[in-house]
Amino acid sequence: MIDCDDSLAGVLAEPDLEPSAGVDAHVTRSTGSLQQRLADLLCQLGPVLWLERPLPRAGGTPLPGPGALYAPDLPAFGACARLDAHVTMTTAGPREWLCLCDAQARCVARLFLLPDSDCLAWDQMLDACGLVPVHGAAERRRNACDALLRSLRARGNLAWRARVLRFRMRHRSWRRELTAEAPLRLSLLGHELASHITRDEGAEWVSAFRLE
């Protein structure tokens, strides 16, 4: 018998809410302005691990107007209205990530720093967005209950989907497009860390972006 501290139904039903002193688009700037600023900064990071929840695609959504930012392959980015930065210590060393939250403060995507990422660009991004990383508790020991919860989430289509990618900006005559592509190279250490985080988060690899 597995004794869980929390109610199983409650854990599965609750969205990932990670409140912190992040950047709230409704307080500091419009959502579109936040996304515009963030997009330029993301393109400087190099390879990162990107986790996102499957989001429903709105049929017949009009394309953005001239000069607007368009992210057709990153629906979670399009829902971003708030940013939270986090850092914690794990058995594999420090782990840093950015949470992208929607207007209801639900975390819809997570971006994890890898050894191959540009750390200077990461620090510049945090500074430009006015983010101070929230220090989390040290990694706790994972047990059978954790494994069960991750399995049930995956079966319930609640699992994160993981991609190792780098961001690119394409400038069209009428708009800018933020795209994602698999990096040409990734170190063995970077691959191992990405795989470790993916397992910890109970995420599923997106095969087109998984690096073997």
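Predicted model: local features only at pLDDT ≥ 70, side-chain atom pairs only at ≥ 80, totals over all residues.
Residues are numbered from 1 along each chain as its sequence is written, and side-chain values use heavy atoms, with hydrogens and water left out.

Helices (H or I, at least four residues) and strands (E, at least two) are DSSP runs, numbered from the N terminus. Strand 5 covers residues 93-101 and is mostly covered, with 7 of its 9 residues buried; buried means under 20% relative accessible area, exposed over 50%, and partly exposed in between (1.4 Å probe, protein chains only).

Two strands are taken as paired if DSSP finds at least two bridges between them. Strand 5 runs antiparallel to strand 4 (residues 82-90), and 9 bridges join the two. Within this pairing, V87 has E96 of strand 5 as its bridge partner.

Side chains of opposite charge can pair when their charged atoms come close. A salt bridge is counted where a side-chain nitrogen of Lys or Arg lies within 4 Å of a carboxyl oxygen of Asp or Glu. The count by this rule is 7 salt bridges.

One of them joins R176 and D40, whose closest N and O atoms are 2.8 Å apart. This pair links distant parts of the chain, as R176 belongs to strand 9 (residues 176-181) and D40 to helix 3 (residues 31-42), 136 residues apart. R176 is buried at 16% relative accessible area, whereas D40 is partly exposed at 36%.

Another joins E52 and R163, with the closest N and O atoms 2.9 Å apart. E52 lies in strand 2 (residues 48-52) and R163 in strand 8 (residues 161-171), so the pair ties together parts 111 residues apart in sequence. E52 is buried, with a relative accessible area of 10%, and R163 is buried, with 6%.
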